[in-house]
Amino acid sequence: MTIVTKMVMVLVFMAASTGVKWVGAQVHHVVGGDRGWDPSFDVASWSSGRIFRVGDKICFPYSAAQESIVEVKSKDEYESCDVGNPIRMYTVGLDGIELDGEGIRYFMSSKPESCKMGLKLRVELMPLQSPEFPQETLSESESESDNSDWSIAAAPTTPSPSVQLYGNFLLSSFGLLLCTCMAI
């Protein structure tokens with residue numbers, strides 16, 4: 001094999017690896033931003049317009065001495081702030097939760113009074129790669145009368161620097177290993 005062929009193989013592999021890494025990049029959502037999960041925080045405003053995708057992670061920063069978070073199974077439990085039968089409890093104070101599987105998940109304060117004041121989060125998980133707009137077209141009369149939930153989404157957030165560093169490290173390490181093996 002000539003050196004040119006080897007270099008082309010390395011470049012093709014590196015280009016393919018970079019593309020695959022960015023497609024699967026996670027977004028880390030810190031609920032509440034700098035303020036965190038707090039009874040005075042407006043969760044509805046924070047979550048408005050956010051897109052949660054399978055593989056993303058949400059992080060709940062809160063004081064474990066004063067608060068904890070429960071995940072409930074049903075919309076009824078969520079709306080009524082019924083914490084009596086949670087499917088999961090989070091009590092650490094900086095809980096990172098992997099969002100796996102499409103569907104809707106419900107998180108709320110373990111204190112019913114805080115939940116009733118709005119300290120709860122409904123997360124609708126979209127597929128990893130979903131269309132930004134619906135595929136079906138509506139007639140003019142349907143589109144005028146339809147109060148559709150579809151709207152233009154905010155620009156996606158960039159992956160965390162740790163994802164970029166991890167990808168660059170793996171790519172560089174493999175490239176170096178491949179070049180070393182080909183030189184022998």
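I count two strands as paired if DSSP finds at least two bridges between them. Helices (H or I, at least four residues) and strands (E, at least two) are taken as DSSP runs, numbered from the N terminus.

**Entry 1**

I am working from a predicted model, in which local features need pLDDT of at least 70 and side-chain atom pairs count only at pLDDT 80 or more, while totals for chains, interfaces and linings use all residues. Residues are numbered from 1 along each chain as its sequence is written, and side-chain values use heavy atoms, with hydrogens and water left out.

**Entry 1. Chain overview**

I looked up the elements and found 6 helices and 8 strands in the chain. Read from the N terminus, their order is α-β-α-β-β-β-α-β-β-β-α-β-α-α. I then turned to burial, where buried means under 20% relative accessible area, exposed over 50%, and partly exposed in between (1.4 Å probe, protein chains only). Of the 184 residues in the chain, 29% are buried. For contacts I used heavy atoms within 4.5 Å. Among contacts between residues at least 6 apart in sequence, 70% join residues at least 24 apart.

**Entry 2. The sheet S1-S3-S6**

I traced an open sheet of 3 strands in the order S1-S3-S6, with mixed pairing. Strand S1 (28-30) and strand S6 (94-98) are its edge strands, each pairing on one side only. From one strand to the next the twist averages 20°; axes are lines fitted to C-alpha atoms, for helices over the stretch in contact, and angles run from 0 to 180 degrees between N-to-C directions.

I noted the two pairings separately. S1 and S3 run in the parallel sense and share 3 bridges; in this pairing Val30 stands opposite Cys59 in S3. Strand S3 (residues 57-61) pairs with S6 in the antiparallel sense over 5 bridges. There, Ile58 has Ile97 of S6 as its bridge partner, and Phe60 stands opposite Asp95 in S6. I also checked the cover of S3: 4 of its 5 residues are buried.

**Entry 3. Phe107**

I next examined Phe107, which lies in strand S7 (residues 103-109). Phe107 is counted as buried because its relative accessible area is 0%. With neighbours within four places in sequence left aside, Phe107 is in contact with residues including Ile58, Phe60 and Ile97, as well as Trp37, Tyr78, Tyr90 and Lys120. For Phe107 and Tyr90, I read a sequence separation of 17 residues and a C-alpha to C-alpha distance of 9.8 Å.

**Entry 4. Lys120**

A salt bridge is a side-chain nitrogen of Lys or Arg within 4 Å of a carboxyl oxygen of Asp or Glu.

I found that the side chain of Lys120 reaches the backbone oxygen of Tyr78 at 3.2 Å. Leaving aside neighbours within four places in sequence, Lys120 is in contact with Trp37, Val43, Tyr78, Glu79, Cys81, Phe107, Met108 and Cys115.

**Entry 5. Salt bridges**

I listed 5 salt bridges in the structure. One of them joins Arg88 to Glu71, with the closest N and O atoms 3.1 Å apart. This pair links distant parts of the chain, with Arg88 in strand S5 (residues 88-90) and Glu71 in strand S4 (residues 69-72), 17 residues apart. Arg88 is partly exposed at 41% relative accessibility, whereas Glu71 is buried at 2%. Glu71 is also among the contacts of Phe107.

A further salt bridge forms between the side chains of Asp100 and Arg105 (3.5 Å, N to O). Asp100 is exposed, with a relative accessible area of 54%; Arg105 is buried, at 11%.

I also recorded a salt bridge between Arg122 and Glu124, with the closest N and O atoms 3.7 Å apart. Arg122, at 39% relative accessibility, counts as partly exposed, and Glu124, at 40%, counts as partly exposed. Finally, I noted that salt bridges that share partners join Glu71, Arg88, Asp100 and Arg105 into one network.

Note on methods
Polar contact = N/O pair within 3.5 Å; in protein donor to acceptor, adjacent residues only side chain to side chain.
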